[in-house]
Amino acid sequence: MAAPQPPPLNLKPHRTTKFPFFSNFPPKAHLKLQPKPCSAKPHDSSQPQNHSPDPPVLNSILRVIPDWADRVKEQGMRRPRTLYNHKKWVEHRSSLRHIRHLLSSLSSRVILSLIPPVTAFTAVAVFIASYNTAVLMDLLPEFFPVLRASSLPYQLTAPALALLLVFRTEASYSRFQEGRQAWTKVIAETNDFARQVIASVRSPTDSSLKKALLSYIMAFPVALKCHVIYGSDIGQDLSNLLEGDDLSVVLKSNHRPQCIIQFITQSLRLLSIEESKRDLLESKISCFHEGISVCEQLMGIPIPLSYTRLTSRFLVLWHLTLPIILWDDCHWIVVPATFISAASLFCIEEVGVLIEEPFPMLALDDLCNLVRLNIQQALDTEGVIQENLAAKRRRHTCNQSQNGWPGN
């Protein structure tokens, strides 16, 4: 008897009844995906894509106070200084100076520049004090420790920090002293140079050249001042000393003090004077070159940066950990203690940074004006002095007797 044959396989697609939901769709039903309209330009892979994120808003907010303090400090650096007279010295040593200095604290650029670091470290002290208080009051889980440490490391490192600040300030003051001495020598040599020109050039044919030479000598300290102080307007400062064509040549020069020296050198060569006197006058120019060299070295070579960075890092780490060290002894008094410590030590460091660049601290505008007034006064009184001396000589000659003895 033959075995039964299996039913033939039906390979045609059919709807399944296992999922009744899908059985509701007709056999030929299908979804059509419509592309979404897009107005943007097609992607061009040849052009680089800039995916750099915008600067975070938090960074901009945190920089508001430091940027404001820096602007105030730079405006104070550009403020012209004045030479002291008798009235200012009396005010300087007055017994009321301490009250006056205290009341003017909010206008001090040194104190205003301390607002960012002092505020930051005081906020850290408030945070640590709040955290320790919360731990001691069981407001936080038990595994949170109280931030405290021994004060012995601070007692050992305090002399090192004090010496570091003292040496930093002394190094800055030595630069200030060097800049002051350099400008003292420049001013003295300028006055002496002008005096010798006035005494040596006597020919009437050289009167116009003599006047131009003296104007170049008066212009040199002004050009050097504008060379070392940022933001100076040399065109405005030299407009009353140099003529228009000379001023245009100076303004086009890359090194204005050297250009003034070239004007002085060429003027000396055109004078109708003896060679010995010309050589003596030209020897004075070497002092101008020396002044330029000293000023450019002070501007281009600061105190070694490793020394400055070490002082800054030491101060920052010191005040970041100061609230932890003082917690056991002071508790919430760590907040005013940190404020006082940061304000005091950072103030010393800030003074050292400010006087490291000596020239904005000097009254260079008044020194240049004083040179100009002295030379102009010497020119104005030259004729009067010569007439007085000639009259005295004539009277002395008339009083002499024939045998050389003064008459009765």
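Trainee: How many helices and strands does the secondary structure of the protein come to?

Mentor: Helices (H or I, at least four residues) and strands (E, at least two) are DSSP runs, numbered from the N terminus. Here there are 17 helices and 0 strands. Keep in mind that this is a predicted model, in which local features need pLDDT of at least 70 and side-chain atom pairs count only at pLDDT 80 or more, while totals for chains, interfaces and linings use all residues. Residues are numbered from 1 along each chain as its sequence is written, and side-chain values use heavy atoms, with hydrogens and water left out.

Trainee: What span does α8 reach from its first C-alpha to its last?

Mentor: The expected span of a helix is 1.5 Å times one less than its number of residues. With 49 residues, α8 reaches 73 Å, close to the expected 72 Å. There is also a bend to read, defined at a residue as the angle between axes fitted to the seven residues ending there and the seven starting there. In α8 a kink of about 35° lies at Ala-158, shortly before the proline Pro-159.

Trainee: How do I read burial, and what share of the residues count as buried?

Mentor: Buried means under 20% relative accessible area, exposed over 50%, and partly exposed in between (1.4 Å probe, protein chains only). Of the 408 residues of the protein, 31% count as buried.

Trainee: Which residues have the most contacts inside the largest nonpolar core?

Mentor: In soluble globular proteins, nonpolar side chains tend to be buried together. A nonpolar core is a set of buried Ala, Val, Leu, Ile, Met, Phe, Trp, Tyr and Cys residues joined through side-chain atoms within 4.5 Å. The largest one here has 51 residues, and those with the most contacts inside it are Trp-183, Phe-193, Ile-217, Leu-238, Ile-264 and Phe-359. Among the elements that give two or more residues to this core are α8 (152-200), α9 (207-228) and α17 (364-398). The most comes from α9, with 12 residues. Take Leu-238 as a case: leaving aside neighbours within four places in sequence, Leu-238 is in contact (heavy atoms within 4.5 Å) with Ala-219, Val-222, Leu-247 and Val-250. A second, separate core of 13 residues includes Leu-114, Val-118, Ile-325 and Leu-345.

Trainee: How many aromatic pairs does the structure hold?

Mentor: Rings of Phe, Tyr and Trp (its six-membered ring) pair if their centres lie within 6.5 Å; planes under 30 degrees apart count as stacked, over 60 as edge-to-face and the rest as tilted. The structure holds 10 such pairs. In one of them, the rings of Phe-121 and Phe-346 have centres 5.5 Å apart and planes at 25°, so the pair is stacked. This pair links distant parts of the chain, with Phe-121 in helix α7 (residues 115-136) and Phe-346 in helix α16 (residues 334-356), 225 residues apart. Both Phe-121 and Phe-346 are buried.

Trainee: Which residues have a positive phi without being glycine?

Mentor: Most residues other than glycine have a negative phi. Asp-138 has a positive phi of about 60°, and is found in the loop between α7 and α8. Asp-138 is exposed, with a relative accessible area of 66%. For His-331, phi is near 55°. His-331 is found in the loop between α15 (305-330) and α16, and is partly exposed, with a relative accessible area of 38%.
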